[in-house]
Amino acid sequence: MRALTVIPLQAGSLSVTDVPDPQPGDGELLVDGLAVGVCGTDKEIANGDYGWAPPGRDRLVIGHESLGRVRTAPPGSDFSPGDLVVGVVRRPDPVPCGACAHGQFDMCRNGRYTERGIKELDGYASQAWTVETGYAVKIDPGLADVGMLMEPTSVVAKAWAEVDAVGARAWFAPRTALVTGAGPIGLLAALLGVQRGLDVHVLDRVTDGPKPRLVADVGATYHSDGVDEVAAKLRPDVVIEATGAGPVIFAAMANTAPYGIVCLTGVSSAGHTLPVDAGGLNRDIVLENDVVIGSVNANLGHYAAAAEALAKADIEWLGRLVTRRVPLEQAADAFTAGPEDVKVVITLDGTSS
Ligand code: BGC
């Protein structure tokens, strides 16, 4: 069968190659791939900056924002042929650390976790794949066109759960949330914020293209002015940061309401320095009991929360997040940014519409 593979840490190695057909083991589903979403991490892997091949192999099948249809399921499992499923990205480390031993593999402490399509395990950008039933999440048949948004939604569901957990250390009744960045993570963070009844504001640089309208149509307010100005005016109770851009991160941290919580979700590259008023920032954070948290990945509970959020969302709005669908054989095109892109998807079943 055909799969999108890469030699990790080797720029220019991304290609669609023949790989052996997957053979389901005990307790595993065999799944026909429908689509995978492409995100910043996939682009980093394709650029040769990130990623690990499975032990003893050169090439890694990439793709972690999965969507497929069950072809075969183990008897007695909760799955049947025809079910739409998403495969979970991360697996616990083999030790396991305390967090992984408690099902909190998203909080792995020793870094020895593995990730489908990213770290030592083949991903989901192939015509068929297998997955353990315990790491497969069934999704509503109505989400057949947008189910690949489940994984980024799980990342956002975790970010909001982190905000809740940190907020719960004292009285917490947030009203205003600022989401920085109107890419898929930012837009999905806005969706979940609106679903929580918050007054949500989304900041991005662009003034045209689909983003301003997507923000308005989800029930949030779009801003394209400077981050300092917008954050200082709003004084948000919560910031979900989804740009990974230094100046945006520090402006957000400096302008929260007292007891503000900033949740960082953007993975940035190292090596950029910028002047910061460290004393002023520290003073603000201390005197306001502010918190800055990093958040990555998602565990099974977050996938369940994501499934709930997607089921409640306007399916037409979700469909508008997927701005381009590229067939597997042309997958390289999905890695070149187009001006109107929000989420670009690679289709695995021969369709491209
Ligand atoms: C994925 C996460 C993963 C992280 C780091 C992100 O793009 O959504 O599931 O943990 O990359 O590898």
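Student: How far apart do the C-alpha centres of domain 1 and domain 2 lie?

Tutor: This is a predicted model. In it, the C-alpha centres of domain 1 and domain 2 are 28 Å apart. Domain 1 covers 2-138 + 315-347, and domain 2 covers 154-294. Twelve residues from domain 1 and 15 residues from domain 2 make the contact.

Student: What area is buried between domain 1 and domain 2?

Tutor: Interface size is often quoted as the accessible area lost when the parts come together. Here, about 1100 Å² is buried between domain 1 and domain 2. Carbon and sulfur atoms give 69% of that area.

Student: Which three residues supply 51% of the area that domain 1 buries against domain 2?

Tutor: Trp317, Arg320 and Val342 do, more than any other three residues.

Student: How many salt bridges are there between domain 1 and domain 2?

Tutor: Side chains of opposite charge can pair when their charged atoms come close. The count between domain 1 and domain 2 is two salt bridges. The structure holds 16 salt bridges.

Student: Which side chain meets Asp106 in a salt bridge?

Tutor: Lys158 does, at 3.0 Å from N to O. Now look at His302, in helix H9 (residues 300-312). His302 touches Asp106 and Lys158, and also Ser154, Ala157 and Ala161, leaving aside residues up to four places away in sequence.

Student: Is His302 buried or exposed?

Tutor: Buried, because its relative accessibility is 11% and the cut-off for buried is under 20%.

Student: What are the closest N and O atoms' distance and the partner in the salt bridge of Asp83?

Tutor: The partner is Lys138, and the distance is 3.7 Å. Asp83 lies in the loop between strands S5 and S6, and Lys138 in strand S11, so this pair ties together parts 55 residues apart in sequence. Asp83 counts as buried at 17% relative accessibility, whereas Lys138 counts as partly exposed at 41%.

Student: Which residues form a nonpolar patch on the surface?

Tutor: Phe250, Leu274 and Val276, with about 200 Å² of accessible area together. Val276 lies in the loop between strand S16 and helix H8. Val276 is partly exposed, with a relative accessible area of 36%.

Conventions: Residues are numbered from 1 along each chain as its sequence is written. This is a predicted model: local features need pLDDT of at least 70, side-chain atom pairs count only at pLDDT 80 or more; totals for chains, interfaces and linings use all residues. Side-chain values use heavy atoms; hydrogens and water are left out. Patches are made of residues with over 30% relative accessible area and no salt bridge: like charges are joined within 9 Å, nonpolar side chains (Val, Leu, Ile, Met, Phe, Trp, Tyr) within 5 Å. Accessible areas come from the Shrake-Rupley method with a 1.4 Å probe; for residues, only the protein chains shown count as cover. A salt bridge is a side-chain nitrogen of Lys or Arg within 4 Å of a carboxyl oxygen of Asp or Glu. Helices (H or I, at least four residues) and strands (E, at least two) are DSSP runs, numbered from the N terminus. Buried means under 20% relative accessible area, exposed over 50%, partly exposed in between (1.4 Å probe, protein chains only). Domain bounds come from an automatic or database domain assignment. Contact means heavy atoms within 4.5 Å. Buried area is the accessible area (1.4 Å probe) that two parts lose on being put together, summed over both.
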